Amino acid sequence: NTLVPQWTNQEIRVYPVPTSHTVFIDFRSITTGKISIQLMTLDGRVVGIKEFSQVNGYSTQSWNIKNQPSGVYYLKILLSSDEGKILKQGTFKIEKIQ
């Protein structure tokens, strides 16, 4: 949806890229709500989902992807209000290496 604001580089940082085990996602958003992260293959297949509540401030989430095959993946990250309205969205490319 092009009407939903995109995450900025100041709000989300995904590292290390490439990674062999764990990817970290730093959140620095002043907006609170429910975060949904989907790990997707290049063809759009969802191979994992993480959800958590984001409160105003900083947090870091980690995701162990060592059991995924090597390749390029996308992290689709959505922030929703308590009522389910999408407040922020973004897709971040990562690479899994052996």
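A residue is called buried when its relative accessible area is under 20%, exposed when that area is over 50%, and partly exposed in between (1.4 Å probe, protein chains only). By this definition D26, at 8% relative accessibility, counts as buried. The model is predicted, so local features need pLDDT of at least 70 and side-chain atom pairs count only at pLDDT 80 or more, while totals for chains, interfaces and linings use all residues. Residues are numbered from 1 along each chain as its sequence is written, and side-chain values use heavy atoms, with hydrogens and water left out.

## Overall fold

The chain has 0 helices and 7 strands, where helices (H or I, at least four residues) and strands (E, at least two) are DSSP runs numbered from the N terminus. In order from the N terminus, the elements read β-β-β-β-β-β-β. With a radius of gyration of 13 Å, close to the 13 Å that the globule rule gives for 98 residues, the chain is as compact as a globular protein of that length; the radius is taken over C-alpha atoms, and the rule is 2.2 Å times the number of residues to the power 0.38. The C-alpha trace spans about 40 × 25 × 20 Å along its principal axes. Of the 98 residues, 39% are buried.

## Salt bridges

Side chains of opposite charge can pair when their charged atoms come close. A salt bridge is a side-chain nitrogen of Lys or Arg within 4 Å of a carboxyl oxygen of Asp or Glu, and the whole structure holds 4 of them.

| Salt bridge | Closest N to O distance |
|---|---|
| R13 and D26 | 3.7 Å |
| D26 and R28 | 3.7 Å |

R13 forms a salt bridge with D26. This pair links R13 in strand β1 to D26 in strand β2, 13 residues apart. R13 is partly exposed, with a relative accessible area of 41%, and R28, at 34%, is also partly exposed. Salt bridges that share partners join R13, D26 and R28 into one network.

## Aromatic pairs and a charge over a ring

Rings of Phe, Tyr and Trp (its six-membered ring) pair if their centres lie within 6.5 Å; planes under 30 degrees apart count as stacked, over 60 as edge-to-face and the rest as tilted. By this rule there are 3 aromatic pairs. Y15 and F24 are stacked, because their ring centres are 5.6 Å apart and their planes stand at 25 degrees. Y15 is partly exposed at 25% relative accessibility, as is F24 at 31%.

F27 and F52 have ring centres 5.4 Å apart and planes at 70 degrees, so this pair is edge-to-face. F27 lies in strand β2 (residues 22-29) and F52 in strand β4 (residues 46-54), so the pair ties together parts that are 25 residues apart in sequence. F27 is buried at 1%, and F52 is buried at 14%. W7, F27 and F52 form one aromatic cluster.

The charged end of R13 sits over the ring of Y15, 4.0 Å from its centre; the criterion is NZ of Lys or CZ of Arg within 6 Å of the ring centre and within 35 degrees of the ring normal.

## Cis peptide bonds

Most peptide bonds are trans. The bond from Y15 to P16, however, is cis, with omega near -15 degrees, and P16 is found in the loop between β1 (12-15) and β2. Another cis bond joins V17 and P18, with omega about 0 degrees; P18 lies in the loop between β1 and β2.
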